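Please keep the sequence and the structure in view while reading the points below.

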Amino acid sequence: MKTVEASASGKIILFGEHAVVYHRPAIAVPVADVRAQASLRPTVEDEFRILAPDLDRDYLFTQAAADDPLASIVRLTLKKLGESNPPAATLMVSSTIPLGRGLGSGAAISAAVVRALADFFGQVLSPADISALVYEVEKIYHGTPSGIDNTVIAYEQPVFFIKGRPIQQMRVSQPFGLVVGDTGVVAPTHRVVGNLRRLWQADRERYEGYFDEIGAIAHQARVAIENDLVDITVIGKLMNQNQELLERIGVSSPALERLIDAARGAGALGAKLSGAGGGGNMIALVPSQPAMAASVTQALMEAGATATILTGVRED
Ligand code: MEV
């Protein structure tokens with residue numbers, strides 16, 4: 001057995017987060033500039049060890065708690081691969097995706113582990129298989145995941161996603177840049193999703209109305225992204241409209257809004273939170289010219305962003 005390495009990208013939700021849990025469409029893109037890595041190194045000891053230095057964890061698979069996310073994805077993947085025993089190996093995971101900030105860190109780590117294990121046993125799993133395995137672990141974390149994170153990360157392609165429906169890949173007809181700004185605030189997805197669910201249960205009509213509006217924005221955004229006759233400023237305006245609705249459903253935060261205002265003030269064509277919100281990251285749309293990206297990045301840092309990432313969504 002040889003040492004194998006695998007990775008998976010982070011993800012950015014461009015439109016439709018939260019409403020996607022309630023079966024409205026959402027658009028997400030992979031962000032290859034930050035990645036999770038998993039390696040499997042064979043050992044002479046007959047044991048399977050899991051090392052996650054970023055999380056300060058080092059433990060044996062056999063001693064992991066029943067709901068341990070890394071042990072869970074290993075268990076599910078071994079079953080899928082038809083392997084009854086874990087390999088005599090050390091699994092090491094690491095990630096440059098900030099944890100708990102809406103960039104899909106958990107799903108990316110799971111996807112990298114699935115890919116590494118499949119490779120270790122000389123098998124190939126399809127993106128659909130990888131996505132389904134990662135989804136099982138996402139469910140342990142937050143009960144009602146839409147499945148968008150595991151889908152975009154497993155396929156590593158822009159997706160137009162509706163919960164429970166076959167994935168629709170998206171064409172990007174003109175490139176654009178995104179500056180991601182981190183509030184530095186960790187907001188667990190299950191908590192933000194759970195709070196919103198309680199609000200929805202108390203006043204379904206009102207929240208269903210908001211979700212309909214967000215879904216309509218996602219549809220318009222798809223047309224704008226797929227059609228190069230539509231000016232890129234339209235995408236920015238739709239991002240701003242989506243943000244307004246995210247504020248109304250209570251998933252934004254003062255720290256996010258400070259960064260969003262700063263990005264718009266520096267000339268971004270649009271800005272909104274991305275992912276679960278409550279903290280985490282925001283995104284700002286910039287044309288594919290370095291000058292605008294630099295001034296938006298600087299404005300975000302001055303407004304208190306703890307980190308920024310410049311990434312691009314490219315034509316296919
Ligand atoms: C989290 O990345 C996106 C949410 O819409 C939750 C989900 O889709 O499961 C907030």
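A pocket is here an open set of grid points with protein on both sides within 12 Å along at least five of seven lines, and a molecule sits in a pocket if more than half of its atoms lie within 2 Å of its grid points. The model is a predicted one, and in this model the space taken by the ligand is the largest pocket.

**Ligand shell**

- The residues that surround the ligand are Lys-11, Ile-13, Glu-17, His-18, Val-20, Val-21, His-142, Pro-145, Ser-146, Ile-148, Asp-149 and Ala-276.
- Sorted by class, this shell around the ligand consists of six nonpolar, three polar and three charged residues.
- Strand E1, which spans 4–15, and helix H4, which spans 148–155, each supply at least two residues of the shell.

**Polar contacts and burial of the ligand**

- The side chain of Ser-146 places an N or O atom 2.6 Å from an oxygen atom of the ligand, while a backbone N or O atom of His-18 lies 2.8 Å from an oxygen atom of the ligand.
- Asp-149 has a polar side-chain atom that lies 3.1 Å from an oxygen atom of the ligand.
- The ligand exposes 300 Å² when taken alone, and the protein buries 97% of that area.

**Largest pocket**

- The largest pocket holds about 830 Å³ of space, and of the 42 residues that line this pocket, Ser-105, Gly-106, Glu-138, Tyr-141 and Thr-189 are the closest to its centre.
- At least two lining residues are supplied by each of E1, strand E4 (57–60), helix H1 (69–81), helix H2 (105–120), helix H3 (127–142), H4 and helix H5 (189–202).
- H2 gives the most to the lining of the largest pocket, contributing five residues.
- The lining of the largest pocket divides by class into 21 nonpolar, 14 polar and seven charged residues.

**Largest cavity**

- The structure holds one cavity of 30 Å³ or more, and the volume of the largest cavity is about 40 Å³.
- Gly-100, Arg-101, Gly-102, Ala-187, Thr-189, Ser-274, Ala-276, Gly-277, Gly-279, Gly-280 and Asn-281 line the largest cavity.
- By class, the lining of the largest cavity has two nonpolar residues, eight polar residues and one charged residue.
- Ala-276 is listed in the lining of the largest cavity and is also among the residues that surround the ligand.

Conventions. Residues numbered from 1 in each chain as written. Predicted model: local features only at pLDDT ≥ 70, side-chain atom pairs only at ≥ 80, totals over all residues. Heavy atoms only, no water. Near = heavy atom within 4 Å. Polar contact = N/O pair within 3.5 Å; in protein donor to acceptor, adjacent residues only side chain to side chain. Areas by Shrake-Rupley, 256 points an atom, 1.4 Å probe, with all protein chains shown as cover. 1 Å grid on protein atoms, 1.4 Å probe; cavity = no way out; pocket = protein on both sides within 12 Å on 5 of 7 lines; lining within 4 Å. Helix = DSSP H or I, 4+ residues; strand = E, 2+ residues; numbered from the N terminus. Nonpolar A, V, L, I, M, F, W, Y, C, P; charged D, E, K, R; others polar. Points joined across faces, edges and corners; volume = space filled by probe spheres on them.
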